[in-house]
Amino acid sequence: MLVAPSILSADFGRLNEEVMAICDGGADLIHVDVMDGHFVPNLTIGPLVVSSVAKVATKPLDIHLMVENNSFFVDIFAPLKPKYISFHIEEEKHPLRLIQKIRSLGISPAIVLNPHTPPEAIEFLLEDIDMVLLMSVNPGFGGQKFIASVVEKTKRLKKMIEAQNPSCLIEVDGGVGIKNIEILKEAGVDVVVAGSYVFGHIEGYKYAIESLKV
Ligand code: DX5
Ligand code: ZN
């Protein structure tokens, strides 16, 4: 299991130190939640802050857009050379065009599905992307309760991926921790995002990240 700590739960007053600590603690990706106050009822960070994260990060960035104007945000984050940029299918009229644009910038395209969105919504896009991000909470905030229906959704998606694009990864985001990591692994999840579990762990980030590498 790959682990992508979400910096949404980090101490923003010491953000560089926090990023270095999760990189040293074994993070595989640094998950960056970009919220615009329109697609979700919360506002987070833009390219200025993320460029400071990118400077100290020794692991690749995984940028999760929760915004209305995806193409605009792809343009402003692309110069930071993230490994992944993911966008919500619910907010994109021309997903294939956006996927092609992300790939042309040298970035791996990924699509996010909200808790209610079935995997069939991206059936005809699976061959074109490198990762699917399944939300296991309503997007917008860290520290929410895990929505268990994502387990069934992962199993369905896994079958589709095996038939169409076996190298495409499945990532799950929201409410992930020690209580559900095994069931996510069994369902076929490749990458977990974890915010409050990692940054709130009393035994430290390294211990928390390792506990998710099942
Ligand atoms: C929610 C974000 C998540 C969030 C996860 O919209 O996409 O990445 O940081 O936080 P936890 O792990 O605390 O649920
Ligand atoms: Zn996220």
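The largest pocket in this predicted model has a volume of about 420 Å³, counted as the space filled by probe spheres set on grid points that are joined across faces, edges and corners. A pocket here is an open set of points on a 1 Å grid over the protein atoms alone, where a 1.4 Å probe fits, with protein on both sides within 12 Å along at least five of seven lines; lining residues have an atom within 4 Å of a point. Its lining comprises 29 residues, and Gln144, Gly174, Gly175, Val176 and Ser196 lie nearest the centre. Two or more lining residues come from each of S2, S3, S8 and helix H7 (196–199). By class, the lining holds twelve nonpolar, 14 polar and three charged residues, with Gly counted as polar.

The model is predicted, with pLDDT of at least 70 needed for local features and 80 or more for side-chain atom pairs, while totals for chains, interfaces and linings use all residues. Residues are numbered from 1 along each chain, ligands are numbered from 1 in the order written, and side-chain values use heavy atoms, without hydrogens and water.

What takes up this pocket? The space is that taken by ligand 1. Of the 20 residues around the ligand (a heavy atom within 4 Å), Gly140, Asp173, Gly175, Gly195 and Ser196 come nearest. Strand S2 (30–35), strand S3 (61–66) and strand S8 (191–194) each give two or more residues to this shell, and S2 has the largest share, three residues; strands are DSSP runs of E of at least two residues, and helices are H or I runs of at least four.

Polar contacts (N or O atoms within 3.5 Å) complete the picture. An oxygen atom of ligand 1 lies 2.8 Å from a side-chain N or O atom of Asp33.

Conventions
A polar contact is a pair of N or O atoms within 3.5 Å; within protein, one must be able to donate a hydrogen and the other to accept it, and residues adjacent in sequence count only if both atoms are side-chain atoms. A molecule sits in a cavity or pocket if more than half of its atoms lie within 2 Å of its grid points.
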